[in-house]
Amino acid sequence: MAMELFRRYEKGRLWVIVGLTSLLAACGGGANPAASSPGIPKPPITWMISTGALDDLQQIGQQSLASQFFNQPQNWVVGSAFPSWAGNWTARLVISEPSLPGISGALAKGLPSSIKGVLYDLEDWSLSPSSEQQNPVGSTEAAQGLVHPFGLELIATPAVDLVNVLSPGSDNHYASYLALDIPAVAQYADVFEIQAQGLETDESGYASFVTAAAQEARKANPAVIVLAGLSTNPNGQQVTSRELYADVEATRNVVNGYWLNIPSGGSYCPKCGAPQPEVAVGLLQLLQESGP
C-alpha cells in the first residue's frame, strides 16, 4: 500500500501532507543520499534490540555478528540484564513497561545502576490501561514525570493500533495515526519509536509513513532521537531480509536508527509464531556488505 498522501486534521484546519512518495522517489526511491553518493559516509545507525532477540541470534551461532552491530554505546538493549555472553557490553540497558503503574512499581522497587532508561510500550492491549490508551500524550507526559527524576531516559513507543481506541472504525490506521498526531508524544520523550513494522513489505508505504511520523515527532521535540520499527515476523507475517534492508535504505536519512524485533508467540505477540532470527542475520549481513 503506497501512501501518496496523509490527511491530517489539526485545530479545525486540514493540513495535507502530499507527495511523500514522489519526494522519496525523487531522492532515489527514498534511499539515503549518502548511500548513493560516492565519498559521502552513511550516518551511523542507533539500534535497539531485546535481550531475548540477542539470545536468539546467539543460539544460531551469530554472537560475533550481534556484538559487532549492537555492542555500541549509542545503542539500547531492552531487558533487566545483559546475557552472560554480553556482560561487558557498552550498550545501554532499558526496562520495558506497558503502563504507568508498571513504571511506578519498577522504580519503587529500585533499579540497578546498569539500567539507563525506561521504555513505555503503550498499545491497544490488556497490558495498558484504557485510560492511558485514550490519552497517549498525557500518559507519556506522566511517564516522563516518573522517569526523569531518577536520571533515566524515556523511550516512547506508542503503537499504531491505538487508532482502534482513538478513532474506532478507521479504514487506514497509518493515516489516522498521523491525523491524530500521536507522534506528539515525542515532546515528552528522549527517544521516540515509530511502530511501522506492519508496512515493511511495502517499501514506499513504509518510507512515507516513517518520514511523516518522524517529521511530526521532531516538530514536537527537535532534540528527540527517532527510531523506526523493524520485525522479522510482524504479527506472524512473512518478510525477507532484503525487504528489511530496502526499508532501512529508504529511511536511513530520516531516522536515527531502528528497533529490530525478533518476536515469538506469547502475550506480547500472540500471532507471531516461532522467532525468525535468520531474517535478522540476513539484514545485518546485507548492511555489512553495503559498508558503514
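User: What am I looking at, and how is the chain built?

Analyst: It's a predicted model, where local features need pLDDT of at least 70, side-chain atom pairs count only at pLDDT 80 or more, and totals for chains, interfaces and linings use all residues. Residues are numbered from 1 along each chain as its sequence is written, and side-chain values use heavy atoms, with hydrogens and water left out. The protein chain has 12 helices and 10 strands; these are DSSP runs numbered from the N terminus, H or I of at least four residues for helices and E of at least two for strands.

User: What makes Glu-153 and Arg-92 a salt bridge?

Analyst: The term asks for a side-chain nitrogen of Lys or Arg within 4 Å of a carboxyl oxygen of Asp or Glu. Here the closest N and O atoms are 3.3 Å apart, so the pair passes that 4 Å limit. Glu-153 lies in strand 7 (residues 153–156) and Arg-92 in strand 5, so the pair ties together parts that are 61 residues apart in sequence.

User: Why does Glu-97 have no salt bridge?

Analyst: The nearest side chain of opposite charge, Lys-109, is 7.6 Å away, and the cut-off is 4 Å, so no salt bridge is counted. For charge, Lys and Arg count as positive and Asp and Glu as negative, while His and the chain ends are not counted. Glu-97 is buried and is found in strand 5. Leaving out residues up to four places away in sequence, Glu-97 touches Gly-102, Ile-103, Ala-106, Leu-119, Tyr-120 and Asp-121, where contact means heavy atoms within 4.5 Å.

User: And what about Glu-200: where is it, and which side chain of opposite charge is nearest?

Analyst: Glu-200 sits in the loop between strand 8 (191–194) and helix 10 (203–220). Glu-200 is buried too, and Arg-242, the nearest side chain of opposite charge, is 15 Å away. Among the residues Glu-200 touches are Tyr-206, Pro-234 and Asp-247.

User: What makes something a pocket, and what volume does the largest pocket have?

Analyst: On a 1 Å grid over the protein atoms alone, a pocket is an open set of points where a 1.4 Å probe fits, with protein on both sides within 12 Å along at least five of seven lines. The largest one has a volume of about 1200 Å³, meaning the space filled by probe spheres set on the points. It's lined by 40 residues, and the closest to its centre are Glu-123, Trp-125, Gln-197, Tyr-268 and Cys-269; lining residues have an atom within 4 Å of a point. Strand 5 gives the most to that lining, with 4 residues.

User: Which residues of helix 3 are buried?

Analyst: In helix 3 (residues 51–59), they are Thr-51, Ala-53, Leu-54, Asp-56 and Leu-57. Their cover includes strand 3 (46–50), helix 4 (63–70), strand 4 (76–78) and helix 12 (277–290).

Methods: Buried < 20%, exposed > 50% of the residue type's maximum accessible area, 1.4 Å probe, protein only.
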